[in-house]
Amino acid sequence: MTDVAPSVVFSDVDGTLLGKDHHVSPRTVAAARALDERGVPLVLVSARMPEALCEIRRTLGNAGPVVCYGGAYVLDGDGAELLSRPMGIGCALEVRDFVACEAPDVCCMAYGYHAWVTSDRSDPRVRREEKIVGVTSTEGTLEDHFANRGLHKLLLVGEPASIERVEREVGAAFPGLTVVRSSPILCEVMDGRVSKAEGIEVVCRHLGVDAAGAVAFGDGRNDLPMFGAVGESWAMANAPAEVRAAATRVTWLDNEHEGLAEAIFSLV
């Protein structure tokens, strides 16, 4: 326990707050309650869509702001938009077609606002993602669902070697976009202005707190900008070496053994 609590705690979700079963543990719920008792907001910062965070937030008793789509869509506790950074439909279609041509073995899913669109819900990669996040996708086309407002994210799903290659090739072909792997089998493609760091800045401004007093937890390469936006960053013990090296501290337990919860208890 410390004398001075963080101004706010930001946490990645998959691989950080959740274990491999994708459920919130009782120990993590207790840690969230301990933060609440100290008046410290816990803000989820995830590549997920808002609906894929609802059950997690209910379990935690979490009612504050949330950062979705890796920083592309930030909502306050009432669901009102604090930030929206969509990519245009034309750009999204170019990326989709590029991936279909250059990496036909990779599945491309589209997310915008509160919609998740796939071309084939029977694809086992879509089914797997639906089971993990507890949300059902909509089968359809990007043009039908996102023509007016654009979309926040394309999610590329495939085998690790294919995802490593497609991250490199899409990044080179579309230098104006943010292209980053969020796991060995997932690559996120978003507007070039998008980062978890901007999402954190928006939330801190909304809450009226100083980011220098904030703490952030993460396990992936897409969490590195978040680490640079706060005063103290924690990489999970299960994070890759480059992520652990970039953090202020590393949890002594991994996400399978409630490393986030134990670190939070040390802070409050």
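Trainee: Where is His22 found, and what makes it partly exposed?

Mentor: In this predicted model, His22 sits in the loop between strand E1 (9-11) and helix H1 (26-37). Its relative accessibility is 28%. Buried would need a value under 20% and exposed one over 50%, so His22 counts as partly exposed.

Trainee: What is the phi of His22?

Mentor: Phi of His22 is near 65 degrees, a positive value in a residue other than glycine. Tyr113 also has a positive phi, of about 55 degrees, although Tyr113 is not a glycine.

Trainee: Where does Tyr113 lie, and why is it called buried?

Mentor: Tyr113 lies in the loop between strand E6 (107-112) and strand E7 (115-118). The relative accessibility of Tyr113 is 9%. The limit for buried is under 20%, so Tyr113 counts as buried.

Trainee: What makes the aromatic pair of Tyr73 and Tyr113 edge-to-face?

Mentor: The structure holds seven aromatic pairs, and Tyr73 with Tyr113 is one of them. A pair of aromatic rings is described by the distance of the centres and the angle of the planes. For Tyr73 and Tyr113 the centres are 5.5 Å apart and the planes stand at 80 degrees. Centres within 6.5 Å make a pair, and planes over 60 degrees apart make it edge-to-face; both conditions hold for Tyr73 and Tyr113.

Trainee: Which parts of the chain does this pair link?

Mentor: Distant ones: Tyr73 belongs to strand E4 (residues 73-75) and Tyr113 to the loop between E6 and E7, 40 residues apart. Tyr73 has a relative accessible area of 3%, and with the limit for buried at under 20%, Tyr73 is therefore buried.

Trainee: Why is the pair of Tyr111 and Trp116 called stacked?

Mentor: The ring centres of Tyr111 and Trp116 are 5.3 Å apart and the planes are at 15 degrees. Planes under 30 degrees apart count as stacked, so the pair of Tyr111 and Trp116 is stacked. Tyr111 and Trp116 are buried. Ring pairs also link Tyr69, Tyr73, Tyr111, Tyr113 and Trp116 into a cluster.

Trainee: Which residues meet in the contact of H1 with H10?

Mentor: Arg27, Thr28, Ala30, Ala31, Ala34 and Leu35 from H1 meet Leu260, Ala261, Glu262, Ile264 and Phe265 from H10. By class, the residues of this contact are eight nonpolar, one polar and two charged.

Trainee: What do the buried residues of H10 pack against?

Mentor: The buried residues of H10 are Gly259, Leu260, Ala261, Ala263, Ile264 and Leu267. They pack against E1, H1, strand E12 (215-218) and strand E13 (232-235).

Trainee: Why is Asn255 called buried?

Mentor: Asn255 has a relative accessible area of 15%, and the limit is under 20%, so Asn255 is buried. Asn255 is found in the loop between strand E14 (249-250) and H10. Leaving aside neighbours within four places in sequence, its contacts include Gly15, Thr16, Lys20 and Met236.

Trainee: Is Glu159 buried or exposed, and where is it found?

Mentor: Glu159 is found in the loop between strand E9 (153-157) and helix H6 (160-173). Its relative accessibility is 58%; exposed means over 50%, so Glu159 counts as exposed.

Note on methods: Residues numbered from 1 in each chain as written. Predicted model: local features only at pLDDT ≥ 70, side-chain atom pairs only at ≥ 80, totals over all residues. Heavy atoms only, no water. Helix = DSSP H or I, 4+ residues; strand = E, 2+ residues; numbered from the N terminus. Buried < 20%, exposed > 50% of the residue type's maximum accessible area, 1.4 Å probe, protein only. Contact = heavy atoms within 4.5 Å. Nonpolar A, V, L, I, M, F, W, Y, C, P; charged D, E, K, R; others polar. Phe/Tyr/Trp six-rings, centres within 6.5 Å; stacked < 30°, edge-to-face > 60°.
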